[in-house]
Amino acid sequence: FVRIRVYGVFPRVGEMEFFNSEDIEAAMLREPMSNPSDPFALGVDVARYGKNSSVIFPRKGRDGQSFPRQRFQGINTVQLADKVFEAHLQYHSDGIMVDGGGVGGGVVDNIRQKQLFCYEVQFGGKDDTPHAVFGSAGEKCANKRSGMYGASRAWLKHGSIPNEPEMRKQFQAIKYVLNKKDEIQLISKEDMLKLDPDLELDDIDAFVLTFAHALASHDHAGGEGPRKPLVEHEYDPFSAERMVA
C-alpha cells in the first residue's frame with residue numbers, strides 16, 4: 001500500500017484476494033448442516049462507539065447460517081458482556097471467543113466476572129490456530145488474525161454462511177500478501193478502510209473468531225439435552241418421608 005500510494009513504486013508482491021469468489025457463493029447457497037455433537041461456538045467482535053458494531057456470531061460445526069448473529073451499536077463493555085451471557089444461555093455455547101484488543105479486554109473481564117469462561121483472542125498475537133482441525137494444516141501465517149482467516153477459508157469449502165450482500169462484500173474485501181518469510185499476511189484493516197471508508201468488517205471478524213480455538217465434540221453440544229444441574233443437593237421435598245400426612 002505504501003510503496004504504491006506513497007512512494008509511487010511497484011510493490012514487491014501483489015495484493016491477492018484471500019477468499020475465492022466461487023467458495024463464497026457456494027457457502028451462501030449451501031444447505032446448512034450440522035451434527036448434534038458438533039460444538040457450538042460464539043465469536044464476539046468488540047466495538048465501543050462510532051459507526052462500527054459489536055457482533056456476536058454463532059456457529060455450530062459447519063453451520064454458520066441458521067443462527068442469526070447479533071449486532072449492537074453504542075453499547076459499553078458491561079452491556080455487551082450481558083448480551084454475550086444471554087446468547088450463551090440461549091444457545092448453550094461450548095466456547096466463547098472474544099476479541100481482546102483495545103476495549104475488548106473489558107468485555108473479557110466482565111464475562112469472567114459472571115463466572116463464565118471465555119477465550120481472549122489477540123488478533124496480532126502469535127498464530128496458534130488449530131489448523132489441523134479445520135483443514136488448513138500446512139499454511140504459514142504471520143499472526144493470529146491470518147491464522148483464523150486461514151482456518152475459516154478451508155472451512156468455507158464445506159460450511160454455510162448467511163446469503164447477504166454485506167457479508168459477500170466483507171469476504172471479497174479481504175486481501176493478503178506473502179511476507180519475507182513466505183507467511184500469509186492479511187492487508188491491515190486500516191489500509192482497507194483507506195481504500196473504502198464505508199467498509200465494515202465487524203461481521204466477518206466475529207465469524208473468524210469462532211475458529212480461534214478447537215472445541216471438543218460431545219453429545220447434546222449446543223443443545224437442550226440432559227446436562228448437569230447448576231445446583232446439586234440431597235434435599236427432595238417430594239421424598240416418601242416428607243410426603244407423609
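Predicted model: local features only at pLDDT ≥ 70, side-chain atom pairs only at ≥ 80, totals over all residues.

Visitor: Let's begin with the open sheet of five strands: what is its strand order, and which strands stand at the edges?
Guide: The five strands run β4-β3-β2-β5-β6, and the pairing is mixed. Each edge strand has a single partner, so one side of it is left without a neighbour in the sheet. Those edge strands are β4 (70–72) and β6 (119–121).

Visitor: And by how many degrees are neighbouring strands of this sheet turned against each other on average?
Guide: Direction is ignored for this one, and the figure is an average over neighbouring strands of the sheet. It comes to 20 degrees.

Visitor: How does β2 pair with β5, and which residue in β5 is the bridge partner of Ala 41?
Guide: Strand β2 covers residues 40–45 and β5 covers residues 95–99; they run parallel, joined by four bridges. Within β5, the partner of Ala 41 is Gly 95.

Visitor: Which helix packs on the sheet, touching β5 and β6, and what angle does its direction make with β5?
Guide: The helix spans residues 104–113 and is α4. It touches both β5 and β6. Its direction and that of β5 make about 150 degrees.

Visitor: Over to β3: which residues point which way, and are they buried or exposed?
Guide: In a regular strand, side chains alternate between the two faces of the sheet. Here Ser 54, Ile 56, Pro 58 and Lys 60 point one way, while Val 55, Phe 57 and Arg 59 point the other way. Strand β3 (residues 54–60) is mostly covered, with seven of its seven residues counted as such. Whichever way they point, they are all buried.

Visitor: Which strands does β3 pair with, and which residue in β4 is the bridge partner of Ile 56?
Guide: On one hand, β3 pairs with β2 in the antiparallel sense over six bridges, and there Phe 57 of β3 stands opposite Gly 43. On the other hand, three bridges join β3 to β4, also antiparallel. The β4 partner of Ile 56 is Gln 70.

Visitor: How many aromatic pairs does the structure hold, and what kind of pair do Trp 155 and Phe 211 form?
Guide: The count is 15 aromatic pairs. Trp 155 and Phe 211 sit 5.5 Å centre to centre, with 70 degrees between the planes. Trp 155 is in helix α6 and Phe 211 in the segment after α9, 56 residues apart, and both are buried. With planes over 60 degrees apart counting that way, the pair is edge-to-face.

Visitor: Glu 183 is buried, so which side chain of opposite charge is nearest, and how far away is it?
Guide: Glu 183 lies in the loop between β7 (175–178) and β8 (184–186), and its contacts include Lys 140 and Val 177. A salt bridge would need a nitrogen within 4 Å of a carboxyl oxygen, and Glu 183 has none. The nearest opposite charge is Lys 181, at 5.2 Å.

Visitor: What is phi for Asp 182?
Guide: Asp 182 is in the loop between β7 and β8, and is exposed at a relative accessible area of 51%. Asp 182 is not a glycine, although its phi is positive. The value is about 60 degrees.

Note on methods. Residues numbered from 1 in each chain as written. Heavy atoms only, no water. Helix = DSSP H or I, 4+ residues; strand = E, 2+ residues; numbered from the N terminus. Buried < 20%, exposed > 50% of the residue type's maximum accessible area, 1.4 Å probe, protein only. Lys, Arg positive; Asp, Glu negative; His and termini not counted. Contact = heavy atoms within 4.5 Å. Pairing = 2+ DSSP bridges. Axes fitted to C-alpha atoms, helices over the stretch in contact; angles between N-to-C directions. Phe/Tyr/Trp six-rings, centres within 6.5 Å; stacked < 30°, edge-to-face > 60°. Lists of a residue's contacts leave out its neighbours within four places in sequence.
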